[in-house]
Amino acid sequence: MKGVREKHKELVIVGIGIQDSEARIRNYVLNNAIPWPMGFDRGNAISKAYGISYGAGMVFINKDGVVVERFLTGITEKKFNETLDKIL
């Protein structure tokens, strides 16, 4: 993700930690030098709103705030890039 962010400066990435403790999410961010905003989904409201039930989910939202694609599990680099092309 860091490489994608560097290549596409207009891309906004926001991480949301689910199924873990806030302290573990904070440690993950610090230990991995995550450069984008990272939050914790206390009460699971965000994950429920976007239909993500476990940690590997990814939601692509265009600049108008419309959900373009939702992946409930990990995706291939090819599919990631195709989806990214739809929103940029």
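Glu82 and Lys78 form a salt bridge, with their closest N and O atoms 3.6 Å apart; the term covers a side-chain nitrogen of Lys or Arg within 4 Å of a carboxyl oxygen of Asp or Glu. The structure is a predicted model, where local features need pLDDT of at least 70, side-chain atom pairs count only at pLDDT 80 or more, and totals for chains, interfaces and linings use all residues. Residues are numbered from 1 along each chain as its sequence is written, and side-chain values use heavy atoms, leaving out hydrogens and water. The structure holds five salt bridges, and here is a friendly tour of some of them.

**Within helix 4**
- Glu82 and Lys78 sit four residues apart in helix 4, so about one helical turn separates them; helices (H or I, at least four residues) and strands (E, at least two) are DSSP runs, numbered from the N terminus.
- Glu82 is partly exposed at 36% relative accessible area, while Lys78 is exposed at 61% (buried is under 20%, exposed over 50%, partly exposed in between, with a 1.4 Å probe and protein chains only).

**Within helix 2**
- Arg26 and Glu22 pair through their side chains at 3.6 Å, N to O.
- Both belong to helix 2 (residues 22–31), four residues apart, which means about one helical turn between them.
- Arg26 is partly exposed at 48%, and Glu22 is also partly exposed, at 30%.

**Between helix 4 and strand 4**
- Lys86 and Glu69 meet in a salt bridge of 3.1 Å, N to O.
- Because Lys86 lies in helix 4 (residues 77–87) and Glu69 in strand 4 (residues 67–71), the pair ties together parts 17 residues apart in sequence.
- Glu69 is partly exposed, at 21% relative accessibility.
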